[in-house]
Amino acid sequence: MSTPHATDRFDDAPDDDLRAAEYVLGVTDANERRAAQARIDLDGAFAALVDAWEARFADWLLRATPEAPSPRVWLRVRTELGWSPVEGAKPTRWNDVRTWRIASALAATVAVVAILFALRAPPPAPVPPPAPPVVVAPVEPAPRPVTVLARDDGSTGWIASIDAAAGKIRLAPVPVPADAQGRVNELWVIPEGQAPISLGAVSHDKAQTIDVSEPLRTTLRVGATLAVSLEPATGLPHAAPTGPIVAKGGITQL
């Protein structure tokens, strides 16, 4: 088994602006689209690029040609409004103009009574103007950098957001079927020049947060590598990887 090195990077990956544009246009395949959706939840900068491209294409929606509703839809609308299903049919009570004249007269009477009552009532005591509210501008947290764990074919396997100080790794996978042999995905951190250290099992189809024990938090630094291998479901965490590496990515920033 070959041990991944920290020099593995994604130098050939297209820039984020192009990824965002392709996602908005819908020209990506299913795996790439799921990866982009997962990254939007974790990467505020990438989410802003997606919003910008959606705004650029918004004007195209105004060019859509209006279509008349089908007879069935128009019949449903007339029925929901209480109109006769057939134009020209005998109007219902709610379509009768006399009903609306009576309702208008009652409303006018109630309004006159309310005005007379208000004129007889003593004027209310003046209410001092309320103090202007104190507006506190919300502080937007800076987007946390992400580490992409790529598969051998270059597609995204997991996207990791690392909080080394708190000992938290937020992982969002691009969902794939479970291993046919019953093996599980095990996450490893590989500091430069050191052996892999297990961080436990990770899901193949659901986002999760990995808690890193305090003694291992120093391994979460720039230059280290995160890797996922397929391992037996028993005996976790393992002392060393024995199965194939299915995804890996170097930590370039925190």
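**View 1. Salt bridges in the predicted model.** The model shown here is predicted. The count of salt bridges comes to 4.

**View 2. Aspartate 16 and arginine 39 form a salt bridge.** Their closest N and O atoms are 2.9 Å apart. Aspartate 16 belongs to helix 1, residues 16–25. Arginine 39 belongs to helix 2, residues 30–42. The pair therefore ties together parts that lie 23 residues apart in sequence. Aspartate 16 has 30% relative accessibility, so this residue counts as partly exposed. Arginine 39 has 12%, and because buried means under 20%, arginine 39 counts as buried.

**View 3. Arginine 183 meets aspartate 179 in a salt bridge.** The distance is 3.0 Å, N to O, between the two side chains. Arginine 183 is partly exposed, at 25% relative accessibility. Aspartate 179 is partly exposed too, at 21%.

**View 4. Lysine 168 pairs with aspartate 211 in a salt bridge.** The closest N and O atoms are 2.4 Å apart. This pair links distant parts of the chain. Lysine 168 sits in strand 3, and aspartate 211 sits in strand 6, residues 208–211. The two are 43 residues apart. Lysine 168 is partly exposed, with a relative accessible area of 36%. Aspartate 211 has 53% relative accessibility, and because exposed means over 50%, aspartate 211 counts as exposed.

**View 5. The largest nonpolar core has 20 residues.** Those with the most contacts inside this core are Leu149, Trp158, Ile169, Leu171, Leu187 and Leu226. Six strands each supply at least two of the core's residues. They are strand 2 (156–163), strand 3 (168–173), strand 4 (184–190), strand 5 (197–202), strand 7 (225–231) and strand 8 (245–250). A second, separate core has 7 residues. Ala20, Ala36, Phe46 and Val50 are among them.

**View 6. Surroundings of leucine 171.** Neighbours within four places in sequence are left aside here. Trp158 and Leu187 are, like Leu171, among the residues with the most contacts inside the largest nonpolar core.

Note on methods: Residues numbered from 1 in each chain as written. Predicted model: local features only at pLDDT ≥ 70, side-chain atom pairs only at ≥ 80, totals over all residues. Heavy atoms only, no water. Core = buried A, V, L, I, M, F, W, Y, C linked by side-chain atoms within 4.5 Å. Buried < 20%, exposed > 50% of the residue type's maximum accessible area, 1.4 Å probe, protein only. Helix = DSSP H or I, 4+ residues; strand = E, 2+ residues; numbered from the N terminus. Contact = heavy atoms within 4.5 Å.
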